[in-house]
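Here is a short report on one protein model. It starts with the aromatic rings and then turns to charges, strands and confidence.

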Amino acid sequence: MNYIDFKNHLRKTSLYLGLAGMLIIPSACDESFLDTDPQGKQAGAVFWQNEGDATKAVNAMYANLRGWNNTAFAAIAIENIGSDDAEKGSTASDATFFNDYDRFVVSSNDAQLGGFWQGQYQNINYANQVITNIPAISMDETLKARYIAEAKFIRAYSYFRLVRAFGDVPLRLAIPKDATEYNLPRTPKAEVYAAIEQDLTDAAATLPVNYGAADVGRATKGAAQSLHAKVAMYQAKWQQVFDLTNAVMTSGQYSLFPQYDALFRVPNENSVESIFEIQNELFTANKDASNSQYSQVQGVRGVVGGGWGFNVPTEALADSFETGDPRRDATIIFRGETTPSGDVIPKIGDNPMYNQKSYVPFSMFVSGFNEGVQQNIRVIRYADVLLMNAEAANELGNTTQALASLEMVRARARGTLKNVLPKITTTNKAALRNAIWHERHVELAMENDRYFDVIRQGRAAQIFGPKGWKPNKNEVWPIPQNEIELSGGILVQNPGY
């Protein structure tokens with residue numbers, strides 16, 4: 001099935017920001033800790049009675065993270081297509097709206113804007129339900145505190161995605177008490193960032209450093225600290241970035257996975273490098289619980305077990321890797337190649353390249369299920385933490401630490417190849433900054449990081465300008481027109497749209 005077929009029967013549900021009065025437990029679930037009764041939908045009036053209800057609510061919150069609006073077309077359009085690393089892919093006539101994001105001519109009426117907005121506020125709604133209702137439940141107090149901390153992490157994650165994408169956004173930190181609280185104006189982004197940081201500070205103070213096997217995939221202390229570091233980086237709070245990344249680096253919980261190419265394969269999910277992943281799985285006995293389309297929409301087009309072929313790498317990305325950098329082949333599937341898993345990619349096809357980081361070997365495809373449904377989504381990796389540490393150290397004048405953290409990432413990529421990726425030795429602050437930015441580019445390519453990274457670095461006009469990016473406008477996307485209309489004009493549009 002391609003997108004043209006799919007969109008004809010995709011059921012979309014709209015969640016207006018204020019309509020948060022009832023908890024709905026989704027039928028979809030991941031791993032053991034996300035299991036919920038597929039038939040279980042309890043009205044808010046009879047929910048929030050006991051520890052079991054609290055667990056269901058928290059599991060539902062995690063399950064929602066992998067929904068269509070969080071991980072598929074909307075996320076790709078908002079967070080990646082605008083970069084120089086990716087373009088639409090598929091066939092020329094399929095899902096042409098992606099081209100509007102690539103050329104920065106997107107209309108405020110485009111459905112992906114609304115989908116992304118709805119997806120994030122659905123996550124926030126679930127989190128607010130947990131934070132507001134669980135305190136009154138008589139249950140284990142340690143577990144109660146942990147559940148609230150997990151919800152604060154998820155809320156912070158979604159608000160971070162929103163504030164990067166739109167700037168000022170409505171800030172809702174509790175479920176509305178009555179209709180007078182349904183319709184909120186946009187909150188200045190500085191206040192949104194402050195709320196995100198507070199949530200992550202609270203979360204890090206309570207979350208455990210790790211979990212037992214049954215709870216792998218939940219937010220940890222390191223996840224809260226790492227996300228907090230990234231939030232601080234977007235505000236150029238370099239001492240804070242440095243301190244938070246150092247805390248993660250000295251925690252003893254994380255290290256770089258030895259093989260970069262294998263890091264993104266299903267058997268190596270939740271590895272020593274993983275700080276936070278969205279959990280996906282294929283349950284043969286429960287199709288409703290096996291609904292991720294993250295890999296499917298990006299998979300190799302035209303082969304059984306592949307996918308729809310969207311969000312493909314560009315020649316510019318392929319050319320950005322240093323000569324011999326193994327990460328180039330680990331990031332990009334080239335037409336005509338044979339993958340390390342033994343899949344032969346046709347020499348003739350719609351696209352010359354595909355995203356290898358979302359790739360699942362074709363042999364894992366099970367008829368009747370989405371291609372690549374097993375693939376977790378890497379949200380924060382230890383390599384990102386090291387590069388944030390390097391950037392912060394350089395900005396603070398600690399060149400020795402900056403070079404050390406940068407070299408750890410390059411050394412892992414280099415592996416046993418002695419004549420590639422030479423050590424960076426410059427002590428010039430500007431030159432080292434550019435080297436770190438380059439390393440972020442190639443290390444995190446196709447992981448939805450590049451677009452907003454370039455904007456916060458102040459280089460968007462230079463790098464994206466040839467595609468149509470304009471300063472004082474394209475730093476943010478337009479607010480969905482439907483949300484403005486639903487608000488009765490309380491929400492106002494971003495300048496230039």
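## Aromatic pairs

The structure, a predicted model, holds 24 aromatic pairs. Rings of Phe, Tyr and Trp (its six-membered ring) pair if their centres lie within 6.5 Å; planes under 30 degrees apart count as stacked, over 60 as edge-to-face and the rest as tilted.

Phe104 and Trp477 are stacked, at 5.8 Å centre to centre and 15° between the planes. Phe104 lies in the loop between helix 5 (97-103) and helix 6 (111-133), and Trp477 in the loop between helix 19 (460-464) and helix 20 (481-486), so the pair ties together parts 373 residues apart in sequence. Helices (H or I, at least four residues) and strands (E, at least two) are DSSP runs, numbered from the N terminus. Phe104 is buried, at 5% relative accessible area. Trp477 is buried too, at 1%. Buried means under 20% relative accessible area, exposed over 50%, partly exposed in between (1.4 Å probe, protein chains only).

## An edge-to-face pair and a cluster

The ring centres of Phe160 and Tyr234 are 5.3 Å apart and the planes stand at 85°, so this pair is edge-to-face. It links distant parts of the chain: Phe160 is in helix 7 (residues 141-166), while Tyr234 is in the loop between helix 9 (221-233) and helix 10 (238-249), 74 residues apart. Both Phe160 and Tyr234 are buried.

Elsewhere, ring pairs join Trp68, Phe73, Phe97, Phe98, Trp308 and Phe310 into a cluster.

## Charges over rings

The charged end of Lys473 sits over the ring of Tyr497, 4.9 Å from the centre. The criterion is NZ of Lys or CZ of Arg within 6 Å of the ring centre and within 35 degrees of the ring normal.

## A strand pair

Strand 6 (residues 377-381) is mostly covered, with four of its five residues buried. Strand 2 (residues 274-278) pairs with strand 6 in the antiparallel sense over four bridges; pairing requires at least two DSSP bridges. Ile278 stands opposite Ile377 in strand 6.

## Confidence and conventions

The protein chain averages a pLDDT (the predictor's confidence in each residue, from 0 to 100) of 92, and 91% of the residues score at least 70. Confidence is lowest in helix 1 (residues 3-7), at a mean of 38, and highest in helix 15 (residues 382-395), at 99. Over residues 1-41 the pLDDT is below 50, yet this stretch has 109 contacts beyond near neighbours in sequence. A contact means heavy atoms within 4.5 Å.

Residues are numbered from 1 along each chain as its sequence is written, and side-chain values use heavy atoms, without hydrogens and water. In this predicted model, local features need pLDDT of at least 70 and side-chain atom pairs count only at pLDDT 80 or more, while totals for chains, interfaces and linings use all residues.
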